[in-house]
Amino acid sequence: MRAPLQNGLGIAAATAALAAAMACAPSPVDEDAPPAGDERQIVGRGADKEQWWDALPRPAWAPFQPVAQSQPWFEVYEIRPGVFALYEPGQFEEVISYLIVGDERALVFDTGLGIGDMRRLVEELLAGIPGGQREVLVLNSHTHYDHVGGNHAFGKIYGTGSDYTRANAAGRDHHQVAEFVGEGWIWKPTPPGFSPETYRSRPFTVTRQVADGDMLSLGGVELEVLLTPGHAPDALCLLDRGRRLLFTGDTLYPATLYAHLPGSDLDAYKATAERLASLAGEVELVLPAHNEPVMAPADLVALRDAFRAIGAGGAGYVPTDGSREYDFGRFSILVPQPD
């Protein structure tokens with residue numbers, strides 16, 4: 001492995017899976033096919049060596065106390081009072097969704113893979129919090145398959161009004177996502193009733209559109225929506241200024257960042273990195289959507305500097321299946337090969 005936080009399916013296998021998923025993804029109005037997934041494409045350990053799950057449990061989770069709940073598929077940790085990381089380490093993506101609880105409402109930031117029952121998990125967690133059940137809102141960091149799997153079970157879903165979001169909200173059939181629950185992708189026992197032979201990404205309805213700068217009030221908790229395109233056209237982050245928290249989705253996490261997918265935009269990603277770096281002095285924790293629950297504000301600055309280095313031609317890279325991978329230690333960035 002080139003970086004200790006990266007998974008190890010192997011770049012060729014992950015690239016093939018991703019290409020197959022994109023080939024049959026639904027087409028938005030602009031006819032650019034959105035990706036069916038954004039599985040992290042890693043230079044990994046070979047088949048004759050350790051498997052990616054041998055790196056688990058990741059030490060970064062050790063400082064946080066697990067929260068009891070009834071579904072073995074999930075692991076739940078309270079990162080800050082009222083902020084729960086909903087972790088799915090049993091599948092290669094190692095997706096992290098978040099439950100953010102206010103006095104009056106709760107917001108689910110991403111709903112994961114759709115393998116476990118996200119709604120039941122959220123209701124169970126809220127039942128154990130003073131004040132009990134609350135109105136629940138869902139907002140996705142973006143609409144790749146591994147972040148919207150539980151959306152269909154919720155009634156209030158916020159999202160962008162883009163063609164990209166609308167196309168992905170139509171769902172994905174089994175053949176589009178079957179690879180991601182196949183051999184080498186899952187190591188934990190799946191929940192009763194789950195079948196990889198029928199797995200699909202079910203459709204959902206966005207009930208309210210969000211725009212850059214919108215404030216979502218949960219009662220004592222205010223969350224600011226930041227539209228941060230680059231990885232995906234509808235990518236967004238959530239800023240909790242009061243508690244100095246920034247939820248980054250797939251815009252920044254400790255592994256290979258994807259700026260090469262259909263729908264990705266390298267220039268937009270650079271602009272997003274500049275914007276997030278300007279917030280480094282205003283946040284204490286960065287909460288990403290894969291692998292580990294927290295990163296440091298300095299990583300926002302490192303992301304900006306990485307894109308600047310790529311743009312200036314001053315960063316080394318490794319050619320990878322039609323792309324270039326630039327390694328910056330804490331993360332790497334995969335960009336398209338120039339024509």
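Me: In which strand is the place of Ser-323?

Reply: This is a predicted model, in which local features need pLDDT of at least 70 and side-chain atom pairs count only at pLDDT 80 or more, while totals for chains, interfaces and linings use all residues. Residues are numbered from 1 along each chain as its sequence is written, and side-chain values use heavy atoms, with hydrogens and water left out. Strands are DSSP runs of E of at least two residues, and helices are runs of H or I of at least four, both numbered from the N terminus. Ser-323 belongs to the run of residues 323-327, which is strand β15.

Me: Is Ser-323 buried or exposed?

Reply: A residue is called buried under 20% relative accessible area, exposed over 50%, and partly exposed in between (1.4 Å probe, protein chains only). The relative accessible area of Ser-323 is 6%, so Ser-323 is buried.

Me: What share of the residues in the protein is buried?

Reply: The protein has 339 residues. Of these, the buried part is 57%.

Me: Which strands stand at the edges of the open sheet of seven strands?

Reply: The order of this sheet is β1-β2-β3-β4-β5-β6-β7, with mixed pairing; two strands pair if DSSP finds at least two bridges between them. Two of the strands have a single partner strand each, so one side of each is left without a neighbour in the sheet: β1 (75-80) and β7 (208-209).

Me: Which residue in β6 is the bridge partner of Val-138?

Reply: Strands β5 (residues 135-139) and β6 (residues 157-159) run parallel and are joined by two bridges. In β6, Val-138 has as its bridge partner Ile-157.
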